[in-house]
Amino acid sequence: IKLAQKSVDVWFDILSVRYLAAPPSVDSYTWLKFGNMCRKVGRYAQVHDILVDILGTDPALLSSEQLAEKPTVGYTYLKLLWTLGRKADAVAQLSCFVSIVQDKAHPKTIGKCWRRLGQWQRSLCDSSELDEAAFTTILTSLRHATQLSPDSYKAWHAYAMVNFEAVSHMPYTDGLKYVVPAVH
């Protein structure tokens with residue numbers, strides 16, 4: 001399947017046959033990759049079905065603690081929530097999720113979660129709502145992402161962009177404290 005074309009239709013055909021030998025509950029990695037492809041092209045019901053197959057229940061019925069038992073599955077569900085427009089729910093659940101999953105997942109996965117949380121927090125803030133407290137919250141999430149994934153270009157880029165935005169948004173004296181972290 002690694003050599004297959006990255007097309008939802010091609011993967012669907014392959015996984016339909018593979019389902020007989022390795023259902024989503026057995027091969028969650030491949031099915032989550034397929035689920036992410038489906039989410040990106042708007043096949044949200046299919047993503048939901050995959051998550052139900054992996055978890056054995058509707059992920060909407062699970063708490064953040066229960067989702068954290070399978071971190072990559074929980075993260076996929078939260079990305080689906082965001083895509084479906086339930087953005088405030090996704091941010092609230094991801095915020096809780098990252099603190100719970102801290103010791104249960106690979107640091108790179110947790111770093112992705114923190115980066116996504118920072119990006120979503122920024123996305124929810126209107127430009128008029130951006131104050132020092134909002135920047136602090138967003139930058140804390142992104143700092144966690146850079147610490148957990150120090151080789152991640154995406155984490156460092158997001159962190160630098162929000163620091164730059166903070167410097168640009170604040171009065172000169174208030175913005176100076178964001179300059180040094182942005183350069184480091």
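**Aromatic pairs in a predicted model**

The count of aromatic pairs comes to four, where rings of Phe, Tyr and Trp (its six-membered ring) pair if their centres lie within 6.5 Å. This is a predicted model, in which local features need pLDDT of at least 70 and side-chain atom pairs count only at pLDDT 80 or more. Residues are numbered from 1 along each chain, and side-chain values use heavy atoms, leaving out hydrogens and water.

User: Why is the pair of Tyr19 and Trp31 called edge-to-face?
Analyst: The centres of Tyr19 and Trp31 are 5.8 Å apart and their planes stand at 80°; planes under 30 degrees apart count as stacked, over 60 as edge-to-face and the rest as tilted, so this pair is edge-to-face.

User: What makes this pair of Tyr19 and Trp31 tie together parts that are apart in sequence?
Analyst: Tyr19 lies in the loop between α1 (8-18) and α2 (28-40), whereas Trp31 lies in helix α2, so the pair joins parts twelve residues apart in sequence. Helices here are DSSP runs (H or I, at least four residues), numbered from the N terminus.

User: How do you know whether Trp31 is buried or exposed?
Analyst: Trp31 has a relative accessible area of 7%, and buried means under 20%, exposed over 50%, and partly exposed in between (1.4 Å probe, protein chains only), so Trp31 is buried. Tyr19, at 36%, is partly exposed.

Technical notes. Helix = DSSP H or I, 4+ residues; strand = E, 2+ residues; numbered from the N terminus.
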